[in-house]
Amino acid sequence: MIPEESRTRTSTSAPMVEIEDLHKSFGKLQVLKGINLQMMPHEVLGIIGPSGGGKSTLLRCVNYLELPTKGMILVDGEVMVLEDDHKASHRAKENHLDYMRTKVGMVFQRFNLFPHMTALENVSEGLVTVRKIKKDIARDQAVAMLTRVGLADKLDSYPAQLSGGQQQRVAIARALVMEPKVMLFDEVTSALDPELVAEVLNVMRELAHQGMTMMVVSHEMGFVEEVGHRIIFLDEGVIAEEGPPGKIFHNPSNERTRAFLKKVLEKR
């Protein structure tokens, strides 16, 4: 059972994200093998590593799209789930997880927009259905957020009428409008044509400059090096190396990190 005193931590110097002994298995396949990680408020954490190393699974576990096999995750000082607390009812656990997920915004490789809704409707939907905000107020907030990501002229456009980069910016606006404490980005440019990548990275760059706490899984090494405060190299389900961008990209100590970067950077 999670000790009561660890459920909420109120210190102003507390990490924004705490991951303790996180394991995730799919059947006999161990994908994450004991991840321990802390992120401070306003930190941008770059997560790099080979395909199959556990990067996407790590992000999906942070907001419980994947149920961890073992371990504890706290966001903003609160545990993500109450499943180990026998005093909490099933409904209480569900309500708590729904509440905690509002603190964690996630943007995926695929845009996952509702095709029958306009950009404005896609962004405002969560405000109305999850946050229970009145429709006129939700609309105003959605307009402001779409304007922020450079789509003020696309409010009434449907996803099929938008480029891939524009759709991804709608997806980012949809996550941001919920006012999350942490943003998770999972290879958000990998499905885009090369000429559309820059417009999405510019939005993410601006978020980093504005102090958003971010976990970024990406193969855009130049971008990760630029905006990241810290980089972790995730390989075979463990953090093989971590440190500031300068060290990881220019003087890695782990042989696997060196081999990975050599292979990736040669393709640039």
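Me: Which helix holds both E94 and R91?
Reply: E94 and R91 sit three residues apart, about one turn of the helix. This is a predicted model, where local features need pLDDT of at least 70, side-chain atom pairs count only at pLDDT 80 or more, and totals for chains, interfaces and linings use all residues. Residues are numbered from 1 along each chain as its sequence is written, and side-chain values use heavy atoms, leaving out hydrogens and water. Helices (DSSP runs of H or I, at least four residues) and strands (E, at least two) are numbered from the N terminus, and residues 90-101, which include this pair, form helix 2.

Me: What is the N to O distance between the side chains of E94 and R91?
Reply: Side chains of opposite charge can pair when their charged atoms come close. A salt bridge needs a side-chain nitrogen of Lys or Arg within 4 Å of a carboxyl oxygen of Asp or Glu. E94 and R91 meet in one, with an N to O distance of 4.0 Å.

Me: How many residues apart in sequence are the parts that K70 and D21 tie together?
Reply: The side chains of K70 and D21 form a salt bridge at 3.3 Å, N to O. K70 belongs to strand 4 (residues 70-75) and D21 to strand 1 (residues 17-26), so the pair ties together parts whose separation in sequence is 49 residues.

Me: Is E241 buried or exposed?
Reply: E241 forms a salt bridge with K247, their closest N and O atoms being 2.9 Å apart. Buried means under 20% relative accessible area, exposed over 50%, and partly exposed in between (1.4 Å probe, protein chains only). K247, at 31%, is partly exposed. E241 has a relative accessible area of 6%, so E241 is buried.
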